[in-house]
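Subject: A structure for you to look at

Hi there,

Here is the structure I promised to pass on. Have a look at it first, and then read my notes below.

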Amino acid sequence: METPVKYMCVLMFLVSMTIAGLNGVVGTGYYYGPCGKHDIEKEAEKLEPCTYAAQHWRAPVPERCCTVMEKKVKNPACLCAVLFSQTAYNAGVRPKIAVTIPRRCNIADRPLSLWFNSEDFPLRGIGSIRTLDSL
C-alpha cells in the first residue's frame with residue numbers, strides 16, 4: 001500500500017513543478033529588466049562611441065554612435081536605463097545631454113519625448129512640459 005502513496009506523491013511533485021515551470025516560461029517577460037534579457041551594463045558599453053557626444057552639447061556625433069543609437073532608440077525604457085547605468089556614470093555620460101543625441105543624429109523614428117521641445121506644448125497654470133530635448 002505504501003508504494004502507490006509514494007508514486008502519487010512523486011507524481012504530484014512532478015505535476016506541480018511542471019506547472020510552475022510552464023508559468024515561468026510564459027511569464028518570463030515580467031522577470032526581465034527594461035532591456036529584456038540583455039544586461040544594462042553591457043548595453044551601456046555598446047554606446048562607447050557616443051561618450052564624448054554625451055558629455056558635451058555641441059560635440060559632433062560620430063556616425064558609429066548614430067548607428068548604435070538608432071537601434072537603442074527603439075526601446076526608450078532600455079535607453080533610459082542605459083543612460084542612468086553605473087557604466088555610463090563612470091564614463092562621464094550626462095543623461096541630460098545624451099538624450100539629445102538622437103535629435104543630433106537626425107533619427108526620424110525617435111520617441112515622442114525625444115522629439116519635441118518644451119515650447120511646443122505649453123500647459124496653462126503649471127508651466128510647460130519639460131521634455132528631454134529642452135533640458
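Helices here are DSSP runs of H or I with at least four residues, strands are runs of E with at least two, and both are numbered from the N terminus. A salt bridge means a side-chain nitrogen of Lys or Arg within 4 Å of a carboxyl oxygen of Asp or Glu.

Before going further, please keep in mind that this is a predicted model: local features need pLDDT of at least 70 and side-chain atom pairs count only at pLDDT 80 or more, while totals for chains, interfaces and linings use all residues. Residues are numbered from 1 along each chain as its sequence is written, and side-chain values use heavy atoms, leaving out hydrogens and water.

(Buried is under 20% relative accessible area, exposed is over 50%, and partly exposed is in between, using a 1.4 Å probe and protein chains only.)

Glutamate 43 also meets lysine 72 in a salt bridge, at 2.2 Å from N to O. Because glutamate 43 lies in helix 2 and lysine 72 in helix 3, this pair ties together parts that are 29 residues apart in sequence. Through shared partners, the salt bridges join Glu43, Lys46 and Lys72 into one network. The whole structure has two salt bridges.

Now for helix 3, which covers residues 63-72. Which of its residues are buried? They are Cys65, Cys66, Val68, Met69 and Lys72. These residues lie on the same side of helix 3, because they cover an arc of only 165° around the axis (taken from the directions from the helix axis to the C-beta atoms). On the other side, Glu63, Arg64 and Lys71 are exposed. The cover over the buried residues includes helix 2 (40-46), helix 4 (76-83) and helix 7 (101-104).

Finally, the overall picture. The protein has seven helices and zero strands, and 31% of its 135 residues are buried.

Enjoy exploring!

Best wishes

Conventions
Contact = heavy atoms within 4.5 Å.
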